[in-house]
Amino acid sequence: MLKLTSSSETNSNNMYLYDRNRVLRKFDSPEAILDEFYDCRLEMYAKRREFWLEKLNDERVVLDARVAFIRAIVDGSLDLRNKPSAQVDEELLELNLPKRLKNGEKPKADTGSMDAKEDISYHYLTHMPMSS
């Protein structure tokens, strides 16, 4: 059996690290390092968790809209053939489907420019590849 051990003792007198304020500081023990960074890491885990919850919820909204769109086409309640895009938009609005950016992302709250408003559409639904 192979046993992995250090052949020499480690020197814990030279423990200089940057703290959460990016200031170089000497720590007296490994426990002091843990005490310093525990709260910082906990905050970052909470931020990461919120980020992923928001991202997954956005993805769920897009997938739910795609499912509703496909079901409406399959059951015949929505027909997009030979209709102008304004009429298609009205019909999709009646189905309570959310408008998104062309890539499917949720529009930012502070998009006040005309270019940004033009990018908000049902493009993520109407340009889905579908084969029969």
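**Pockets, core and loops in a predicted model**

Biologist: What volume does the largest pocket have?

Modeller: The largest pocket has a volume of about 370 Å³, where the volume is the space filled by probe spheres set on grid points that are joined across faces, edges and corners. A pocket here is an open set of points on a 1 Å grid over the protein atoms alone, where a 1.4 Å probe fits, with protein on both sides within 12 Å along at least five of seven lines, and lining residues have an atom within 4 Å of a point. This is a predicted model, in which local features need pLDDT of at least 70 and side-chain atom pairs count only at pLDDT 80 or more, while totals for chains, interfaces and linings use all residues. Residues are numbered from 1 along each chain as its sequence is written, and side-chain values use heavy atoms, with hydrogens and water left out.

Biologist: Which residues lie nearest the centre of the largest pocket?

Modeller: Of the 12 residues that line the largest pocket, Glu-54, Lys-55, Asp-58, Glu-105 and Lys-106 lie nearest its centre. By class, the lining has three nonpolar, one polar and eight charged residues, with Ala, Val, Leu, Ile, Met, Phe, Trp, Tyr, Cys and Pro counted as nonpolar, Asp, Glu, Lys and Arg as charged, and the others, Gly among them, as polar.

Biologist: And what lines the second largest pocket?

Modeller: That pocket holds about 160 Å³ of space, and its lining consists of Ser-85, Val-88, Asp-89, Lys-102, Ser-121, Tyr-122, His-123, Thr-126 and His-127. Helices H2 and H4 are the elements that give two or more residues to this lining, and H2 supplies the largest share, three residues; helices (H or I, at least four residues) are DSSP runs, numbered from the N terminus. The lining divides into two nonpolar, five polar and two charged residues.

Biologist: Take Ser-121 from that list: is it buried or exposed?

Modeller: Ser-121 is buried, because its relative accessible area is 15%, and buried means under 20%, exposed over 50%, and partly exposed in between (1.4 Å probe, protein chains only). Ser-121 lies in the loop between helix H3 (114–119) and H4, and, leaving aside neighbours within four places in sequence, Ser-121 is in contact (heavy atoms within 4.5 Å) with Lys-99, Arg-100 and Lys-102.

Biologist: Switching to the core, which residues make up the largest nonpolar one?

Modeller: The largest nonpolar core has 12 residues in all, namely Val-62, Ala-65, Phe-69, Ala-72, Leu-78, Val-88, Leu-92, Leu-97, Tyr-122, Tyr-124, Leu-125 and Met-128. Helix H1 (30–74), helix H2 (85–94) and helix H4 (123–126) each give two or more residues to this core, and H1 gives the most, with four. Such a core is a set of buried Ala, Val, Leu, Ile, Met, Phe, Trp, Tyr and Cys residues joined through side-chain atoms within 4.5 Å.

Biologist: What does Ala-65 touch?

Modeller: Not counting residues up to four places away in sequence, Ala-65 touches Leu-97, Pro-98, Tyr-124 and Leu-125.

Biologist: And where is Ile-73 found?

Modeller: Ile-73 is found in helix H1 and is partly exposed, with a relative accessible area of 30%. Leaving aside neighbours within four places in sequence, Ile-73 is in contact with Leu-78, Leu-80 and Met-130.

Biologist: Last topic, backbone: what phi does Asn-82 have?

Modeller: Asn-82 has a positive phi of about 55 degrees although it is not a glycine. Most residues other than glycine have a negative phi. Asn-82 lies in the loop between H1 and H2 and counts as exposed, at 82% relative accessibility.

Biologist: What about Asn-96, where is its place?

Modeller: Asn-96 is in the loop between H2 and H3, has a positive phi of about 60 degrees although it is not a glycine, and counts as exposed at 68% relative accessibility.
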